Amino acid sequence: MIMSSIKQLKKEVAPFEKNDSNKSIMQLITTILPLIILWFAAYWSLSVSYWLTIPITIVAGLFVIRTFIIFHDCCHGSFFKNRQLNNIIGTITGVITLTPYMQWKQSHSIHHATSSNLDKRGTGDIWTLTVKEYAEAPWYTRLSYRLYRNPFVLFGIGPIAVFLIQQRFNRRGAKRAERLNTYLINILIVALYTGLCLLVGWKAFVMIQLPIFYIATMLGIWLFYVQHTFEDSYFEKEDEWSYVQAAVEGSSYYQLPLVLQWFTGNIGFHHVHHLSPRVPNYYLEDAHNATPPLQKATTITLKTSFKSIRFRLWDEEGKKFVSFRQFKQQERQNQRLTNESKPSAAVQMDLK
């Protein structure tokens, strides 16, 4: 992509890099208030039937995802103009979503600055190996990677590993403000959960909060995974990497049904968000519709997105994701070609 095109694309998106305090406040009200109501509705439903509780907790889990989008915008400083207000709302929503605000803000900014850069993987992203790296890796690395990429691990154990365990600790080298923010959020989580246990009883709390937690975190990981893992994605080495190409070609447009688009805070327009993180979630669709080049981004639907589960390795030569099965097939084919290129024993004797 030539420099003039890059500048023009950024210029077209620039008008949407603004926030509207009224929209932000309304979004807070229409997200947090229903979540509280649904939580206590779930508690009331326990006296009727747990089969009534489950669907209520599913909807509540979707509201937690919407809460995370608000948290996410605060991390980018795009939800309110006032930085301190973003920090306060980000910390509060961090308690609800079990995510340390300052820590995640730091790692996520690195994710944006290095997304799709093969030389700068490892912070705020999904573990991704290239075909060559996997082929040359020792057996224990291959085993670890296969386990990590297994859907039952990624979306089943992943929520517990990330949101309940990993995010309770500070990262190495974290500054004082970041460490204190993590401690504060942990204390507030304990206080909130203890208060709810005292209010409704620990059994009722677990029966309500556990499905809400799993629905929200599992779908949250899925959204992040699927919007960067599609067949013709974009990955390049540092010397050939482009921020704009990584945004437009390395992030997908996840075209969801309107109700799911609302619950996920328009994060399906992920290509727009990666191009310009300063665009608040409620303007992402407008930016997409007003910018023709952005409409050419890879579009995936709810149905086609499930194909991403089989994409495990990045093929640098083919510029696409491949499955472990495709890797094995290619490995066998390469071995066969190698064997065919070797002279037979009889020929070798003749040559001697």
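E238 is partly exposed, with a relative accessible area of 37%, where buried denotes under 20% relative accessible area, exposed over 50%, and partly exposed the range in between (1.4 Å probe, protein chains only). In this predicted model, local features require pLDDT of at least 70 and side-chain atom pairs count only at pLDDT 80 or more, whereas totals for chains, interfaces and linings use all residues. Residues are numbered from 1 along each chain as its sequence is written, and side-chain values use heavy atoms, with hydrogens and water left out.

The side chain of E238 meets that of K120 in a salt bridge, at 3.7 Å from N to O; a salt bridge is defined as a side-chain nitrogen of Lys or Arg within 4 Å of a carboxyl oxygen of Asp or Glu. This pair links distant parts of the chain, 118 residues apart: E238 lies in the loop between α10 (202–226) and α11, and K120 in the loop between α5 and β1 (129–130). Helices (H or I, at least four residues) and strands (E, at least two) are DSSP runs numbered from the N terminus. K120 also counts as partly exposed, at 41% relative accessibility. Side chains of opposite charge can pair when their charged atoms come close.

A salt bridge is also formed between E133 and R121, with the closest N and O atoms 2.7 Å apart. This pair, too, links distant parts of the chain, with E133 in helix α6 (residues 131–136) and R121 in the loop between α5 and β1, 12 residues apart. E133 is partly exposed at a relative accessible area of 28%, and R121 is likewise partly exposed at 28% relative accessibility. Because K132 and E136 are four residues apart in helix α6, about one helical turn separates them. K132 counts as exposed at 52% relative accessibility, as does E136, with a relative accessible area of 56%. The structure holds seven salt bridges.

The secondary structure of the protein chain comprises 16 helices and five strands. The C-alpha trace spans about 90 × 50 × 40 Å along its principal axes. Of the 352 residues in the protein chain, 47% are buried.

Two cavities of 30 Å³ or more were found in a search of the whole structure. On a 1 Å grid over the protein atoms alone, a cavity is a set of points where a 1.4 Å probe fits but cannot get out, and lining residues have an atom within 4 Å of a point. Grid points are joined across faces, edges and corners, and a volume is the space filled by probe spheres set on the points. The largest cavity has a volume of about 40 Å³. Its lining consists of Y253, Y254, Q255, L256, Q261, T264, N266, I267, G268 and F269. Strand β2 (residues 253–255) gives the most to this lining, with three residues. The lining of the largest cavity divides into five nonpolar, five polar and no charged residues, with Ala, Val, Leu, Ile, Met, Phe, Trp, Tyr, Cys and Pro counted as nonpolar, Asp, Glu, Lys and Arg as charged, and the others, Gly among them, as polar.

The second largest cavity has a volume of about 30 Å³ and is lined by H112, S115, W241, Y243, A246, A247 and H274. Helix α11 (residues 243–250) supplies the largest share of this lining, three residues. The lining of the second largest cavity comprises four nonpolar, three polar and no charged residues.

N266, one of the residues lining the largest cavity, has a positive phi of about 60 degrees although it is not a glycine. N266 lies in the loop between α12 (258–263) and α13 (270–275) and is buried, with a relative accessible area of 12%. L98, also not a glycine, has a positive phi of about 60 degrees. L98 is located in the loop between α4 (83–96) and α5 (101–114) and is buried at a relative accessible area of 4%. Most residues other than glycine have a negative phi.

I25 belongs to helix α2 (residues 21–45) and counts as partly exposed at 42% relative accessibility.

Methods: On a 1 Å grid over the protein atoms alone, a cavity is a set of points where a 1.4 Å probe fits but cannot get out, and a pocket is an open set with protein on both sides within 12 Å along at least five of seven lines; lining residues have an atom within 4 Å of a point.
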